[in-house]
Amino acid sequence: MYQLAKMRKRHSMTARLLYLCNSPRLKSVARLDERFENWGLDVEQRWAYGGDFPDSPAGYDGVFLSGSPHGAYEDIDFIHREHDLIVEAEDLGIPMLGVCFGSQILASALCGRDQVFRRDRCEIGYKDLSVTAEAANDPICFELGKAVHMFVWHNDEVRSDHEDMTILAHSDVCPNQVWRYRDQPVWGIQGHPEITRDQAPIWFEENRDRMQNDGADVDQLKLQAHPALSAKTMLTRFAALLKKSS
């Protein structure tokens, strides 16, 4: 199926990434779309939150799904459309990577809508995530080692016991922080590897009220701002995978 997707893509030597922005703002503090471009991808950003979708994912070499203030289980038009796009992209064999809400909607679309649930309390802060043995041979997680430091912030969570999921990392209170769908090039990351040390204080201040309501000490988080370079290898390895397969 992946060969079909490759045949349909535009005549270009540069791998094409469909970047679906699920946030109320098209541009985030992280500017991850720009970093994907700097890593050598041809990025087409679509504001999925505002209803902007391509007719089909066919022709793209990969799909990235961003975070969102919404839950993957909500009855909202853009969420239904994104579910459909994910199913079609998986059928075509197109690699996908989702972060936070992006991870949750991947799980909802591919493993069932009951796979995402509301936690009793928010998990928020910088954490050392335990990396599973399966990560050692994973195309985007093999550099993580035994633990990976990353900022996490989520009230929703993806279940960890689905037969089509391989768990690659977990925290002390969340058994599914990084996962892969079957043996396919499809990954979900619950945390936020995209946030740099310089961006983190800006992002924390922008979301001060929400983070405080979720139990965080924002001023302390600012002091803990971390580059999370090991976690970022998952992003660069995903970009490298798309470039290699284009």
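What we have is a predicted model, in which local features need a pLDDT of at least 70 and side-chain atom pairs count only at pLDDT 80 or more, while totals for chains, interfaces and linings use all residues. Residues are numbered from 1 along each chain as its sequence is written, and side-chain values use heavy atoms, with hydrogens and water left out.

On confidence, the protein chain averages a pLDDT (the predictor's confidence in each residue, from 0 to 100) of 95, and 95% of the residues score at least 70. Over residues 1–11, however, the pLDDT is below 50, although this stretch has 24 contacts (heavy atoms within 4.5 Å) beyond near neighbours in sequence. Where pLDDT is low, the predicted coordinates should not be read in detail.

Turning to charges, a search of the whole structure finds 17 salt bridges, each defined as a side-chain nitrogen of Lys or Arg within 4 Å of a carboxyl oxygen of Asp or Glu. One of them joins Arg 118 and Asp 156, with the closest N and O atoms 3.3 Å apart, and this pair links distant parts of the chain, since Arg 118 sits in strand E5 and Asp 156 in strand E6, 38 residues apart. Strands here are DSSP runs of E with at least two residues, and helices are runs of H or I with at least four, numbered from the N terminus. Arg 118 is exposed, with a relative accessible area of 53%, whereas Asp 156 counts as buried at 5%; the cut-offs are under 20% for buried, over 50% for exposed and partly exposed in between, with a 1.4 Å probe and protein chains only.

Arg 237 in helix H8 and Glu 143 in the loop between E5 and E6 lie 94 residues apart, and their side chains meet in a salt bridge at 2.7 Å, N to O.

Next, helix H5, residues 199–206, where Gln 199, Ala 200, Trp 203 and Phe 204 are buried. They are on the same side of H5 because they cover an arc of only 125 degrees around the axis, the arc being that of the directions from the helix axis to the C-beta atoms.

Finally, His 226 lies in the loop between helix H7 (218–223) and helix H8 (229–245), and its side chain reaches the backbone nitrogen of Ala 228 at 2.8 Å. Leaving aside neighbours within four places in sequence, His 226 is in contact with Tyr 126, His 149, Ile 195, Thr 196 and Arg 197.

Methods
A polar contact is a pair of N or O atoms within 3.5 Å; within protein, one must be able to donate a hydrogen and the other to accept it, and residues adjacent in sequence count only if both atoms are side-chain atoms.
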